[in-house]
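Take a look at the sequence and the model below. The report then walks through a few of its parts in turn.

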Amino acid sequence: MANLPITQFEEKIIETVEQNPVVVIIGETGSGKSTQLSQILHRNGYSKSGIIGVTQPRRVAAVSVARRVAQELGVPLGEEVGYAIRFEDRTSERTLIKYLTDGVLLRESLSNAELNQYSVIILDEAHERSLNTDILLGLVKRLVKMRASNLKILITSATLDGEQVSKFFSNCPILNVPGKLYPVEILYSKERPKSYIDSCLKTAIDIHVKEPEGDVLIFMTGQDDIEKLVSKLEEKVRSLEEGSCMDAIILPLHGSLPPEMQVRVFSPPPPNCRRFIVSTNIAETSLTVDGVVYVIDAGYVKQRQYNPSTGMYSLDVVQISKVQANQRAGRAGRTRPGKCYRLYPSKVYQDDFLDVTVPEIQRSSLAGSVLYLKSLDLSDINVLKFDFLDPPSFESLEDALKQLYLIDAIDENGTITSVGRTMAELPLEPSLSRTLIEANEYNCLAQALTVAAMLSAETTLLLSRSNRTEKKRKHTPRDLPDGSGLGDHIQLLQIYERWDETDYDVDWCRDNDLQVRGMKFVKDVRKQLSQIMQKIAKGSLDVRANQSRKGRQQDYRNLRKALCVGFANQLAERMIHHNGYRTIGFKPQLVQVHPSSVLRTDEEGMLPNYVVYHELISTSRPYMRNVCAVEMLWVTPILKKLEKLDINKLSGGVSHIGEGTEETLAEAPKKEVDVAGLSNDRESKIQAARERFLARKANK
Ligand code: CDP
Ligand code: MG
């Protein structure tokens, strides 16, 4: 791998790193930033005084890059080179180079604020602007002051505005690693296709039939579309006349692919064979697939956004930004001149695409991040004044504070509580952490652990209803438990308990359309969460999966009570004369129970009066996903608390002004002032992009 562009700059890199605590490195995707930088620093002695840590925003990238580096160094993965992602740690005492998700590094800084085990921290893929990387940027900024003598920070990016980051770090040096990028011919479509899948299919086959050899990379929005296109492509390729063109291999690439399937894209194709890689935007910058000469870009990406004023998530297919479009095109020119087929007119690119991607911090719920910042024992950090590269909106900070207050993580003055500190120790979203703590009080921790683990693994686990293997089935299974009418959380609990009864039989999973890999993951996550809870409780808690002290119904009731406390901010009340619910909180709105829910009506045909939900998701209309029936009795204290809630006090109470040491939100500026303050001198492209984006969304 010695001929990757970055390795030619080894001396220059080392020289700059020697002389500066922070260095920004900009280099084309595929130039070797992720795989080589850590090795360069290792070769030059930086792993002698500590671990070289490299963060990745994506789990898949952390695993795949670590595997690659271990291979290049000829060591077994998990020894000198390892990785750590949430719920999976493959490092050892001997680890010198450690790839980890940005979330895991944040968590590590909770127990060791100065991150003393590291001699170097590389914040990789900073251009992705993930929420956690943005927070790390702020934390690292103060860390370099404290550990100036023995910590080196490298920030790498493919496209990031290097100036902005450099300015953020007192004008630190920027190293540009020129990649050898061959020219890429851009071919625009005359109009936007009606079906982008069909249009991708047609373009791919055209290339296969007419163009000389070279692999084809196709960007899709998600796993479902990838599967659809893969099977259509397979069919089409098979129907081509034998000998009319070369062989073809069609490979999917996305985050929930099993590891052995993921590595397939890194092995070169047999001779006289063209590969079609059908990928999510994971191949845009995180993973570099060699051999690509043709790129098909429909101009879309699936993006999860959070709206703080409604508490609602949406998973929207949105247009990519110009930066993304250029990244995608660039993938075609790594080994020789290539072509990029944009399935949209150049006018769309010019007029409709935003210049840059909206950073995640400006489209996420911040409850977890705010809790995290508050739980750091750093007296000089004020959440609302935290030094962000691009600050989030005041509204979303306010939303986070409100949620944290309702679930007792902060008190009415905005100060973190002891419950809040405990919550921060759990690698879960605040509402689930709170549920576990409460469940422990009600003797139903074992059940709550199961539910938390099932919810954490949901994406890889779920009943593969969409897996079109149904036809091949000999019998219809689906004798899975139904939540006893109480909702989805109870069903998740029952499913796991059923599996536990079979002694974790994999055939049972298969018979019931449960992903074996997903269920095993749940089992592992449950075990890890149990261990953390044991540590927190400093005692021996009974966390066996199938245990019942007072009978199932009583367990379910206790569990629902704990969920009601944990999800106090996600509560809804049934409308008497209306077929639906109204959320309770700041800005109530009408919602429905998602059709996939197992929540049932009672003998009188009534849905429960109150439910808590795991998330609000806006698809064709606002739905509550994963709902659980709760009782009036438990809701009353929440309503009382809501009445008392004073957001001004939470974010700008008077009691702490002047104390200066306690980390509170006391000095929070007034709303109007703050919003203006956010957008003054750092008025960046992003701010403008975000506004245009929101305006367009509102017009939709
Ligand atoms: O981080 P950056 O985009 O600059 O490049 P990289 O990820 O370090 O990739 C450098 C080279 O390593 C590329 O040619 C990749 O195809 C290759 N690579 C690989 O073969 N297997 C991996 N798991 C990761 C990278
Ligand atoms: Mg990389």
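## Salt bridges

A search of the whole structure finds 31 salt bridges. Keep in mind that this model is predicted.

One of the salt bridges links K210 and D206. Their closest N and O atoms are 4.0 Å apart. Both residues sit in helix α7, which covers residues 196-210. They are four residues apart, about one turn of the helix.

## The sheet

Eight strands make up an open sheet. Read across it, the order is β4-β3-β5-β2-β6-β7-β1-β8. The pairing is mixed. At the edges are β4 (88-90) and β8 (174-177), and each of these pairs on one side only. From one strand to the next, the twist averages 20 degrees.

Now pick out one pair of strands. Strand β2 (residues 51-56) and strand β6 (residues 118-123) run parallel. Five bridges join them. Which residue of β6 is the bridge partner of I51? The partner is Y118.

## Helices on the sheet

Helix α2 is made of residues 33-43. This helix lies across β1 (22-27), β2, β5 (97-101), β6 and β7 (152-157). Helix α2 runs at about 145 degrees to β5.

Helix α4 (residues 102-111) also packs on the sheet. The strands that α4 touches are β2, β3 (81-85), β5 and β6. The direction of α4 makes about 100 degrees with that of β5.

## Around ligand 1

How many residues surround ligand 1? There are 15, and the closest are G30, K33, S34, T35 and R68.

Several side chains reach polar atoms of the ligand. An N or O atom in the side chain of K33 is 2.8 Å from an oxygen atom of ligand 1. For R68, a polar side-chain atom lies 2.8 Å from a ligand oxygen atom. S64 faces a nitrogen atom instead: an N or O atom of its side chain is 3.1 Å from that ligand nitrogen. On its own, ligand 1 has 530 Å² of accessible area, and the protein covers 96% of it.

## T288 and its contacts

T288 is found in the loop between β12 (273-279) and β13 (292-297). Leaving out residues up to four places away in sequence, T288 touches T29, G30, F266, R331 and R334. G30 is also among the residues closest to ligand 1.

Look at R331 in that list. Along the chain, T288 and R331 are 43 residues apart. Yet their C-alpha atoms are separated by 7.9 Å. Their side chains make a polar contact of 3.3 Å.

Terms used
Residues numbered from 1 in each chain as written. Chains lettered and ligands numbered in written order. Predicted model: local features only at pLDDT ≥ 70, side-chain atom pairs only at ≥ 80, totals over all residues. Heavy atoms only, no water. Pairing = 2+ DSSP bridges. Helix = DSSP H or I, 4+ residues; strand = E, 2+ residues; numbered from the N terminus. Axes fitted to C-alpha atoms, helices over the stretch in contact; angles between N-to-C directions. Contact = heavy atoms within 4.5 Å. Near = heavy atom within 4 Å. Polar contact = N/O pair within 3.5 Å; in protein donor to acceptor, adjacent residues only side chain to side chain. Areas by Shrake-Rupley, 256 points an atom, 1.4 Å probe, with all protein chains shown as cover. Salt bridge = Lys/Arg side-chain N within 4 Å of Asp/Glu carboxyl O.
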